[in-house]
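This briefing is written for a reader who wants to follow the architecture of the structure with the cut-offs stated alongside. Please keep the sequence and the coordinates at hand while reading.

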Amino acid sequence: MKRYILTFIVIVLYFGGLNSVRELGDLAIVKAVSIDLNDEGKYEISAIIIDTKEKENKDKGLLISSVGNSVHEAARNMVDVSSKKLYIAHMESLIISEKIAREDLENTLDFFIRDNEGSNSFFLFIAKDAKAKECLEKINEEEIDLVPFLKSTQKYKGNANIKSLNDVVKILLEKGRSLCVNTISLEDNIKINNMAYFKNYEMIGYLSENESITYNLVINEVDNILESVGEENSLVIVEIVEPKTKVNVKDCNVNIDVKGVAHITQTGKNITLDNIQEKENIEIMINNKIRDEIYSLFDNKRKEEVDIFGIGNLLYRKKNILYNNENYLNNINLLVNVDIDIVNTGGIKKAW
Amino acid sequence: MDNYIEFIKARLKKLDDIYYRKMNINGNNIWIIYNESLVDSNLVSNFVVRSLVELIENTDFSVKSLKDKIDLKLGKKDINLENSIAINKIKKLDKSDTTVFSYILSGFVMIYINSEVYVVEARGNLSRSISEPVNENSIRGAKDSFVENIVKNIGLVRNRIKSEDLFYNERLIGTKTKTKVGLMYIQNVVKHDLVEYVEKKLEDIIIDGILDVNYIAEYIEENNESDFPISIVTERPDVTSYYLLQGRIVILVDNSPYALILPAFFEDFVNNIDDYYQRKSNVFITKLIRYICMVLTVMTPAFYLSLITFDQESIPTDLLISFTSQREGVPFPAFVEAIIMIFAFEVLRESDLRSNKISGNTLSIVGALILGDAAVSAGIVSPIMIIVVALTVISGLTFQDINIINALRKWRILFLIFSSLCGLVGIAVASTFFITSLVCTTSYTKAFTYPLAPLDELQAKYNILSRKFIPKDTTREKILSNNLTKAREKR
């Protein structure tokens, strides 16, 4: 018995410092946060707090907001409107306004990175053409779960990726790599939109839908994408399943290899699919189309000195001589090689 | 009256259940003295009295010479009672021998004839008949269990092991109870130093009464401070035989329907002999479930507590929301809530064990209502806590031995206290203590955690998660026996 009392005292003395008891009832579980920068240069933070009181309309949370000179100050000012301590470890999404993305992303994310409570596995969104708070209000009102929404967009469409805040910060800190962040827009309803791209810590602009898909294809973040070639009667739509992309650097040559298999999902009248030549033609058309898209995305962004595919980072890792050259984007030779196989016609008729 | 009879009567003066009968057959004074409550009176009248009458009368008529007749009457010639009474156990005692009292008080009939003292066994049947085991259920195993009569118990074991190597030696322990304590082992399998150790410990026992095997267990165990039972107590003869064949020692105590088996290892309490009565390939999952249950019954409340008071990050969001909304309105901290529920359950269990069967059922229903529904709607505890405690309790029921259940209960509360102090770190610390405590326990000089520590890889492979395929099970465990090869006689 003495032994137990002794160990008990030792535990209390030595592990007392670890004591950080939080009763569940004292926590305000935050579901989503939005940050706006208003015209006076003050930060406005809004948060959806999950309502845990037992009542019928349970999913709808409580929206509270506060203003401060810095993100942390604004977060502190939440005390004025909430009786409980905000608990952000279970946060799902952070929505920042376009203005913050263009001007002050670094300081805003700093607060979340430094906070030791959060797990930083939430997703970052930029509110396109709307105030972040308005988006948050809509999300709360319509009881939207952004995370499954984002995941299904990523899986079936490909113009969004599922990089958590930790991944985003990792990309932000890496040299020679441009960051792309998911966006949401507020039309009649919340919509996951195309991606926004950054240079250093500042947002430059938005990618188009095709560009977003191409970007995600090159960084290996798509599960399956639709691609169409031909017009009207010779239209062919294919679904490319789990394409794999490899980027290799050798001297000043950069090779992008895309490989994958595709199923034909829809064809026009003129497409009979009865000989192997036709199938090969379609493959060539698809390969060319994807290749052109990659080329054009790279070239467009090169003009703005944005290294969209993170080639600079590859050069840096391979200790390539070109990296020290500030103008490396103009000196490299991009070679894209796309190899998509059609394995399945999907039709009722017997094919080739 | 004879001096000897007076002496006996004086000694047994206050014992009103002693019956004295004086017979006079052909001038011979015969005294029959026995304890009514212990003796079967049919046996006395049919075998003792009738035999005596026939003996004396026959002797009388068959005597040819007058001298012999006179000698017999004067007590000069022996009546050979030992050859004449139709009861098996008969013994002639010296007049000065005081063991006559213990014979009378253990169901013998004393016959005093011609100044000679005989005791004849005529015990009544006081023990119940062999019935099904009450505490140790078996699906496919034998359905008999030990009774309070040690002779029957020995028979139940001998019935299974018909070998002259199965040694049994008996001694009387207890100055007042004079209880039969029997030591049983298979001579050429058991480790003899262990037998010597136990015999020496049994010699040294000085006590007025032995009522149960646990009295013996506490005398012969060497470290009584351990929480864990270091000997197995079973009511099943097939389990007893199984352990005897492994080379363990069995102690039987008269008036106790349990056998004490030693040494015991931790895995013995998790494993069950029923595993040997079922198909081998399915034993793995059964054993896995038991080990998981062991962890669950010790750790569930502690783990839940540390999750909801320290490490909320580790719970999926939806579950956290559900926990929070269930805890809403509960006035106590989670630790107090857990203690209340565990206490309520322990009270229920204790009252269920002690109460008679009729009110026991009522109690169960009341208890279930209080624990299940009323406490929740009164806002004293949250529903999730009831799930946690229920899980703990149900997992605990996979163990049969009351000692191991109590040991695990103690550790459950210790784990809870540690986790309330510092969450998952506390559980880690408590686990260290738990494992240390397990490893420090020895069972009669053998390591309690065998075969894991000290590691015996082969045995660990078989004992912990599976069992041996019976036809290939040709060796005994080194720790229990020096005779490693199981004898296999060829036809």
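Predicted model: local features only at pLDDT ≥ 70, side-chain atom pairs only at ≥ 80, totals over all residues.

Residues are numbered from 1 along each chain as its sequence is written, and chains are lettered from A and ligands numbered from 1 in the order in which they are written.

**Chain A overall**

- Chain A holds eleven helices and 13 strands, where helices (H or I, at least four residues) and strands (E, at least two) are DSSP runs numbered from the N terminus.
- Taken along the principal axes, the C-alpha atoms of chain A fill a box of roughly 85 × 60 × 55 Å.
- Of the 352 residues of chain A, 38% count as buried; a residue is buried if 20 or more other C-beta atoms lie within 10 Å of its own, exposed if 12 or fewer, and partly exposed in between, with C-beta atoms placed from the backbone.
- Among contacts in chain A between residues at least 6 apart in sequence, 66% join residues at least 24 apart, a contact being two residues whose C-beta atoms, placed from the backbone, lie within 7 Å.

**Domains of chain A**

- Chain A is divided into domain 1 (25-206) and domain 2 (210-352), with bounds that come from an automatic or database domain assignment.
- The C-alpha centres of domain 1 and domain 2 of chain A lie 32 Å apart, and 16 residues of domain 1 of chain A are in contact with 20 residues of domain 2 of chain A.
- On the side of domain 1 of chain A that touches domain 2 of chain A, the elements giving two or more residues are α6 (146-156) and β8 (190-199) of chain A, and the largest share, four residues, comes from β8(A).
- By class, that side of domain 1 of chain A has five nonpolar, six polar and five charged residues, where Ala, Val, Leu, Ile, Met, Phe, Trp, Tyr, Cys and Pro count as nonpolar, Asp, Glu, Lys and Arg as charged, and the others, Gly among them, as polar.

**Contact between the chains**

- In the contact between the chains, 21 residues of chain B are in contact with 21 residues of chain A.
- On the side of chain B that touches chain A, α10 (283-309), α11 (317-327) and α15 (402-440) of chain B each supply at least two residues, and the largest share, seven residues, comes from α11(B).
- The residues on this side of chain B divide into 13 nonpolar, five polar and three charged.

- Helix α8 (residues 237-246) of chain B is largely enclosed by the rest of the structure, because seven of its ten residues are buried.
- The buried residues of α8(B) are B:P237, B:D238, B:V239, B:T240, B:S241, B:Y243 and B:L244, and what covers them includes α5, β7 (179-186), β8 (232-234), β9 (249-253) and β10 (259-262) of chain B.
- Just after α8(B), B:G247 takes a positive phi of about 110°.
- B:G155, which has its place in helix α5 (residues 150-158) of chain B, is partly exposed, with 13 other C-beta atoms within 10 Å.
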